Amino acid sequence: MEENHPQALYIITGCSKGIGKALLNKILSYPHAAVIGISRTPMKSRERFTNIQADLSDWQALVNKLASIFPDASFYSKVVLINNAAWIGELKHIGKLDNASIARVYASNCVAPAILMNAFAQQYAHTTKEKLVINVSTSAGRNPRDGMSMYGSTKAALDMLTKVARQEAEISNSGISYYILSVGATDTPMQDAIRETTQDNFSTLQRFIDLKNSNGLLTAEEVANHVWQLLQTPIQAEDGYIYIKK
Ligand SMILES: NC(=O)c1ccc[n+]([C@@H]2O[C@H](COP(=O)([O-])OP(=O)(O)OC[C@H]3O[C@@H](n4cnc5c(N)ncnc54)[C@H](OP(=O)(O)O)[C@@H]3O)[C@@H](O)[C@H]2O)c1
């Protein structure tokens with residue numbers, strides 16, 4: 001390995017805001033780590049951080065950027081993909097949804113992570129380095145909540161995608177470890193969007209307002225600290241999830 005070259009490469013989607021931004025800052029505080037981060041909002045690349053501007057809801061544009069998202073990683077002993085970016089979608093009952101938003105939420109929350117997982121496995125499965133894929137999920141993917149049909153079902157799909165990938169990695173002996181990270185309610189722009197909806201579209205609204213007012217939300221930095229610990233020694237529950245709760 002080249003002297004002073006970072007040893008671990010983290011590829012993070014949605015690194016411009018919320019949990020992804022806190023995670024980016026946390027990871028870059030360790031000199032042995034380098035990050036390739038994806039966002040629509042342009043960010044300044046700097047030492048050990050490369051920003052790739054991409055709209056994850058545009059799968060064809062994403063495919064054109066895969067070579068720069070997953071570079072030759074022969075210098076690194078560890079490569080990690082964190083599918084963190086997601087859109088909450090429209091919080092409305094079925095029947096009131098805009099069709100374009102339906103396509104967009106599935107594209108950004110399911111299609112893009114699937115394409116990235118596929119490309120990650122193609123590029124790194126046959127290397128001997130440590131390989132991890134972390135997919136960020138939520139209890140809304142397991143518990144039905146009115147108004148969250150889009151968001152919840154995209155996360156349910158992501159969970160199953162991860163479980164099947166885990167099974168395939170065992171069969172093929174690819175050495176890739178797949179984790180589902182179920183995160184509790186966290187104080188980010190996504191929560192701001194949730195609180196902007198109305199009770200008739202989302203009957204759980206008041207619970208989220210109360211969580212904010214009672215300091216019941218996790219901070220993005222708390223989540224990032226947990227994720228960093230887990231990245232060193234991931235321990236999943238018997239049901240196959242890793243939980244981060246307040
Ligand atoms: N906040 C919570 O309470 C909570 C709870 C459980 C799980 N989670 C999960 O945690 C993850 C992060 O959530 P968050 O609360 O930090 O969300 P957030 O505050 O809304 O930030 C989302 C990030 O994803 C990026 N992003 C969204 N759509 C994108 C697209 N089409 N293309 C490229 N980038 C896109 C955004 O960047 P740009 O806008 O710059 O593109 C931003 O950096 C998500 O998977 C979410 O489901 C959140």
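A charge is said to sit over a ring if NZ of Lys or CZ of Arg is within 6 Å of the ring centre and within 35 degrees of the ring normal.

**View 1. Charged ends over aromatic rings.** The charged end of Arg207 sits over the ring of Phe208, at 5.1 Å from its centre. In the same way of counting, the charged end of Lys245 sits over the ring of Tyr243, 5.1 Å from its centre. The model shown is predicted, so local features need pLDDT of at least 70 and side-chain atom pairs count only at pLDDT 80 or more, while totals for chains, interfaces and linings use all residues. Residues are numbered from 1 along each chain as its sequence is written, and side-chain values use heavy atoms, with hydrogens and water left out.

**View 2. The open sheet.** Seven strands, in the order S3-S2-S1-S4-S5-S6-S7, form an open sheet with parallel pairing (strands are DSSP runs of E with at least two residues, helices are runs of H or I with at least four, both numbered from the N terminus; two strands pair if DSSP finds at least two bridges between them). Strand S3 (49-53) and strand S7 (241-244) stand at the edges with a single partner strand each, so one side of each has no neighbour in the sheet. Neighbouring strands of this sheet are turned by 20° against each other on average, direction ignored (axes are lines fitted to C-alpha atoms, for helices over the stretch in contact, and angles run from 0 to 180 degrees between N-to-C directions).

**View 3. Strands S5 and S6 with helix H5.** Strand S5 (residues 130-137) and strand S6 (residues 176-183) run parallel and are joined by seven bridges, and Ser137 stands opposite Ser182 in S6. Helix H5 (residues 149-172) packs on the sheet, touching S5, S6 and S7, and its direction makes about 155° with that of S6 (contact means heavy atoms within 4.5 Å).

View 4. Phe120 is buried, with a relative accessible area of 0%, and Tyr124 is buried, with 1% (buried means under 20% relative accessible area, exposed over 50%, partly exposed in between, with a 1.4 Å probe and protein chains only).
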